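Thanks for passing this one along. Here are a few friendly notes to read beside it.

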Amino acid sequence: MDIRFDKVEVRFEGRTVIHPLTVTLTERRIGIIGLNGSGKTTFARMINGLVKPSAGRVTVNGFDTVSAENDARQQSGFIFQNPQNQIILPILREDIALGLKSRKLPKANVAAAVNAVLDRFEIGHLADRRAHELSGGELQLAALASVLVTEPKILVMDEPTNQLDLRNRNLVERTIQTLPEDVIVISHDLDLITGFDRVLMFREGRIEADGAPGEVIGRYRALNGAEA
Amino acid sequence: MMRSLHVDGDSFLHRLQPGVKLTALAIVSLCLFTIQTPAVLAIAAIIGLAGHCMLRISPRQIWLRLRPFALIVVVVALFTAILNSPGEGLTAFFRLAALALFASLVTATTTTGDFIDVITRAALPLERIGLVRAQDVGLSIGLVIRFVPEIVSRYEAIRDAHHARGLKLNPISVAVPLIITTLRSADEIASAIDARGIRRQK
């Protein structure tokens with residue numbers, strides 16, 4: 001991946017949420033940590049063009065998230081904190097197919113792509129189930145399938161193990177580890193990102209620490225009074 | 001938690017093309033408004049109710065599906081009876097009941113995805129003359145259908161929270177959290193639609 005934030009700043013209603021920052025993300029596995037309200041979700045949402053910078057520019061694999069929004073968006077998929085809101089149609093198969101509708105593909109191609117992504121995550125048996133019948137882990141896998149059916153190169157996940165029990169958390173963690181796509185994960189679950197290539201720590205809208213997981217997580221724990 | 005108005009099944013109505021069902025519903029609805037005889041409208045309502053037996057769901061589930069608009073039907077019929085005449089009230093009751101029952105049958109036997117496809121196709125002529133984007137129209141209708149049961153679920157959660165705290169339900173204490181949570185969820189779903197490229201920018 002090649003994501004560049006160039007002198008990017010974000011302001012909401014006169015408040016600076018992200019202070020000017022310049023950073024380039026190229027590693028395959030990147031974790032983002034920080035306290036609630038530190039700006040990490042705003043930062044991650046800029047990658048998908050969900051939040052536009054008030055100043056500066058963000059490019060994803062060379063595409064500007066403002067001037068080439070569609071192309072930039074095709075590069076990355078975004079998994080929201082609450083998969084309930086990620087899944088738009090009640091029946092899983094239909095929901096996954098929805099992501100391909102704007103591409104105006106023949107029905108057979110859509111069906112083949114949906115089946116392929118269901119098989120990939122071994123959730124074919126859930127295809128005709130309703131979202132409200134799925135467990136937390138199944139829902140998260142369904143959200144992954146609904147995003148990855150469009151074949152983005154980068155996956156941004158906002159607290160993917162939030163609200164999951166241990167079993168489902170492990171299931172999602174294993175899935176993330178085996179994804180061939182480049183992954184950026186925002187998480188309070190520090191174990192999840194321990195094996196990543198790089199971790200960014202946000203604090204009050206700034207990148208406070210950036211480096212290897214051991215070093216950044218240690219600093220985060222020390223700053224917040226937890227045992228390293 | 002997202003629910004669905006669709007009921008799984010393999011009945012004749014499930015197999016019927018969604019476009020045919022929607023066209024038939026439109027024609028039947030128009031006919032219901034031209035009929036003035038309560039007995040004929042009552043028969044139509046009975047047919048609509050009998051159609052629900054094809055769904056193979058329990059009478060309680062049928063009632064739960066119909067309950068949200070049952071109150072509206074009764075209130076409109078009562079006002080019509082008081083302001084006009086009891087006969088017209090009866091006519092209004094059977095007409096609206098039949099209309100709601102037929103509409104419920106169509107939503108029960110048509111998936112949201114099929115609704116979106118049909119409405120999108122129907123809006124294509126409008127897109128050709130530059131009035132709308134057909135995909136947006138289809139998606140809007142699909143989202144309305146998606147949100148109806150969700151709003152009911154939210155209302156139930158707020159009602160339970162009131163009961164748990166020993167509070168009485170009142171319109172403001174129910175409406176405010178219901179509107180706020182629904183708008184918040186709508187905002188997040190709009191972001192998901194953008195993030196997934198379902199509604200691509202021009």
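Predicted model: local features only at pLDDT ≥ 70, side-chain atom pairs only at ≥ 80, totals over all residues.

1. Residues are numbered from 1 along each chain as its sequence is written, with chains lettered from A and ligands numbered from 1 in the order in which they are written.

2. The largest nonpolar core has 71 residues. Such a core joins buried Ala, Val, Leu, Ile, Met, Phe, Trp, Tyr and Cys residues through C-beta atoms within 7 Å; buried means that 20 or more other C-beta atoms lie within 10 Å of a residue's own, with C-beta atoms placed from the backbone. Among the residues with the most contacts inside this core are A:I32 and A:A142. Helix α6 of chain A (residues 136-148) provides its largest share, 8 residues; helices here are DSSP runs of H or I, at least four residues, numbered from the N terminus.

3. A separate, second core holds 18 residues, including B:F93 and B:L101.

4. Where the chains meet, 29 residues of chain A and 25 of chain B take part, contact being C-beta atoms, placed from the backbone, within 7 Å. On the chain B side, α8(B) contributes the largest share, 8 residues.

5. Chain B is assigned domain 1 (12-110) and domain 2 (114-195), with bounds from an automatic or database domain assignment. Their C-alpha centres lie 23 Å apart, and 6 residues of domain 1 are in contact with 5 of domain 2.

Methods:
Buried ≥ 20, exposed ≤ 12 C-beta atoms within 10 Å, placed from the backbone. Helix = DSSP H or I, 4+ residues; strand = E, 2+ residues; numbered from the N terminus. Contact = placed C-beta atoms within 7 Å.
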